[in-house]
Amino acid sequence: INAEYMGCEALGVGNGAKTVAPMRVALKEHFASAAATPSPPTKKAKKDTPAAETEVLGKWQWLAGGSYVDYDLATSTLIEDAFKAGKASVSLPPSRGQTYVISFADLQQTNTTAPPYKKRAVRRVSAADGTVLQGSKSTPTPKPSSTPKPAVTAPPRPTASPTPDDAPHSPTTSTTAAKSVVKASPDDIPPDLETATCTLTPVEKDSEEFWELEEKFNAHIQGRNEDYVSKRLEKKLKPISFVLKLAEKVNNPVLEKRFEIRKAKMAQVISNKNDLRERISFHGTHPKNINNMCKTSLLRFKHPLNPCTTQADDGYFGTNKKGVYVSRYADYTFKYANRLVPLEPGETAKVVMFRTLPGRSKHIEKLVGPIDPTEGFDSHSSPSFLEWYLFNEDQLCPEYVLTVLAKEDTRTASDDM
């Protein structure tokens with residue numbers, strides 16, 4: 001105030017003392033009023049920030065088996081674009097004849113193909129660090145049943161983790177079967193294979209476990225097997241598709257322990273986490289061999305516990321005497337479960353689904369016959385990446401016996417649009 005008042009007086013505002021005194025009072029009142037009124041906040045200049053730093057890029061996951069699994073990149077991008085556009089829902093591209101819709105209001109994926117219109121929880125996470133942006137930050141825990149269930153005598157099983165209560169797919173609440181948690185270290189001595197015992201437990205069709213198994217099965221149908229597509233089209237016949245009809249859970253504590261010990265040993269020498277991923281594989285055989293396979297797993301030719309005394313060949317990219325073969329895709333195994341004859345519509349076949357540790361897999365670019373395992377690797381991959389040749393039997397653990405039904409594929413072009 002003094003500075004501004006002095007400035008006015010110095011400039012000769014007013015005329016003599018009579019004018020200056022009233023001016024002094026007026027200026028004091030003016031500046032006192034200004035001081036009592038808060039000044040509007042000063043706007044800070046915005047920094048030029050690249051869009052990539054301000055826009056959060058999300059990816060989408062769906063709940064399966066008590067944990068969240070990433071959608072493939074194309075599907076996740078489709079969901080993310082619809083979410084950012086403010087849409088209420090988005091339809092996903094058909095997959096193996098199944099159609100799905102995601103609702104953003106309740107973050108649920110619904111299978112809209114047919115009743116019971118199964119649902120799954122979905123969520124959005126940061127593509128950069130996995131931070132949950134929308135949806136559940138943890139797997140739901142099961143609610144206790146209000147009606148106590150009678151005790152059931154069951155064969156001894158490995159210690160199991162609690163069964164998560166995922167989003168129900170129908171009015172009948174079902175939960176995923178508890179997964180065995182077998183602890184093992186690389187220094188553990190593998191239990192003797194001769195002591196292995198096996199039980200097969202039917203999986204209820206109206207259960208979360210069966211629905212998840214159904215989706216895994218559909219995801220491992222390659223769909224281009226010439227026996228079921230091109231050769232039938234040449235005969236003016238419709239292609240064949242496959243449906244999971246029945247499933248049995250394999251319970252084998254000895255094989256599970258051996259599998260976990262192998263995984264621990266591989267973790268000691270493999271630094272790339274991708275090479276330690278547990279995968280799914282399949283094997284088809286004559287029905288009479290299935291129980292023995294679930295008891296001892298696949299065994300190399302001439303193994304003391306392998307009952308086979310003859311073989312059709314000694315392998316196309318690895319000798320059967322030093323490893324075992326499995327397929328990445330279920331539809332390539334069906335005819336081996338059907339006397340080497342491709343399935344016709346209405347026929348069924350049983351195949352075994354395995355937990356699998358391919359580890360460091362060497363791609364064999366052409367069929368070379370019964371070669372020895374390659375040093376520094378854990379398996380061979382076939383030229384077309386359809387099969388694995390595993391160097392050790394305990395890189396496999398039978399998980400389910402699947403009964404599969406073949407049927408004519410009646411889809412039209414509009415179904416895939």
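In this predicted model, the largest nonpolar core has 24 residues. Leu213, Phe217, Phe242, Phe334, Leu343, Met353 and Leu402 have the most contacts inside this core. Five elements each supply at least two of the core residues: α5 (208-219), β9 (240-251), β10 (279-284), β12 (348-356) and β16 (396-408). In soluble globular proteins, nonpolar side chains tend to be buried together.

Leu343 illustrates the packing in this core. Leaving aside residues up to four places away in sequence, Leu343 touches Tyr228, Ile240, Phe242, Phe334, Asn338, Thr348, Ala349 and Ala406. Two of these partners, Phe242 and Phe334, are also listed with Leu343 among the core residues with the most contacts.

The wider fold was examined next. The protein holds 8 helices and 16 strands. Of its 417 residues, 38% count as buried. Contacts between residues at least 6 apart in sequence were also considered; 67% of them join residues at least 24 apart.

Glu393 lies in the loop between β15 (387-390) and β16. Glu393 counts as buried because its relative accessibility is 15%, and the cut-off for buried is under 20%. The side chain of Glu393 makes a polar contact of 2.7 Å with the side chain of Arg300. Arg300 is also one of the residues that Glu393 touches, when residues up to four places away in sequence are not counted.

Technical notes. Residues are numbered from 1 along each chain as its sequence is written. This is a predicted model: local features need pLDDT of at least 70, side-chain atom pairs count only at pLDDT 80 or more; totals for chains, interfaces and linings use all residues. Side-chain values use heavy atoms; hydrogens and water are left out. A nonpolar core is a set of buried Ala, Val, Leu, Ile, Met, Phe, Trp, Tyr and Cys residues joined through side-chain atoms within 4.5 Å. Buried means under 20% relative accessible area, exposed over 50%, partly exposed in between (1.4 Å probe, protein chains only). Helices (H or I, at least four residues) and strands (E, at least two) are DSSP runs, numbered from the N terminus. Contact means heavy atoms within 4.5 Å. A polar contact is a pair of N or O atoms within 3.5 Å; within protein, one must be able to donate a hydrogen and the other to accept it, and residues adjacent in sequence count only if both atoms are side-chain atoms.
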